[in-house]
Amino acid sequence: MEMLITHVVLTLNHSSWLQFCIINGVTELKISVFKKCDLAGLFDYANNDAMDRFHVAIYIMSTLLQTSQDRLEVSQKAAYLYVMKALVDYLKHFFLTRMNKISPMFYSAMRKDMFKALHRLGNESATCGVQSASQFETFKYEKEVEVA
């Protein structure tokens, strides 16, 4: 369904496409910005946003391969869509960290922990490894964030 919506949006005329992007971004901000969350919730938001951007990139590539319209125009709209999605995610995380009084150093600690988990995953067999977000040591973030 999301792929179909992405295809329709990228092949719309310019004013409808821009209107959809703005409404979608404002709605996403409105839904998530004023929610209370702890470090585990912020971790889940970051993972879901990264996965969502990956899905959007796949949908965009699929639309570019399937469309019969001007590929340059569709690719420009796709680039704007992707940049707008990243900007909305940036603003969302800015407000989430600000409203919940979480240090931005949380993201540095999270990135380090994710790279460690990926390294461990590469060294282990395919059946072992990270099964869920709870395996990441979120308690380490609290200690590292308090120090900053």
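I began with H1 (residues 2–10) and H3 (residues 39–66) in this predicted model. Their axes come within 9 Å and cross at roughly 55°. I therefore logged H1 as oblique to H3. I noted the hand of the H1 and H3 crossing as right-handed.

Next I listed who makes that contact. From H1 I have Glu2, Met3, Thr6, His7 and Leu10. From H3 I have Asp52, Tyr59, Ile60, Ser62, Thr63 and Gln66. Sorted by class, the contact of H1 with H3 comes to five polar, four nonpolar and two charged residues.

I then turned to Ser32, which lies in helix H2 (residues 14–32). Is Ser32 buried or exposed? I found a relative accessible area of 4%, and since buried means under 20%, Ser32 is buried. Leaving out residues up to four places away in sequence, I have Ser32 touching Tyr45, Lys92 and Leu96.

Last, I took the figures for the whole protein. I counted six helices and zero strands, and from the N terminus on the elements run α-α-α-α-α-α. The protein has 148 residues, and 30% of them count as buried.

Technical notes:
Residues are numbered from 1 along each chain as its sequence is written. This is a predicted model: local features need pLDDT of at least 70, side-chain atom pairs count only at pLDDT 80 or more; totals for chains, interfaces and linings use all residues. Side-chain values use heavy atoms; hydrogens and water are left out. Axes are lines fitted to C-alpha atoms, for helices over the stretch in contact, and angles run from 0 to 180 degrees between N-to-C directions. Helices (H or I, at least four residues) and strands (E, at least two) are DSSP runs, numbered from the N terminus. Angles under 35 degrees count as roughly parallel, over 145 as roughly antiparallel, 65 to 115 as roughly perpendicular and the rest as oblique. A crossing is left-handed if the near helix is turned anticlockwise from the far one by less than a right angle, and right-handed if clockwise. Contact means heavy atoms within 4.5 Å. Ala, Val, Leu, Ile, Met, Phe, Trp, Tyr, Cys and Pro count as nonpolar, Asp, Glu, Lys and Arg as charged, and the others, Gly among them, as polar. Buried means under 20% relative accessible area, exposed over 50%, partly exposed in between (1.4 Å probe, protein chains only).
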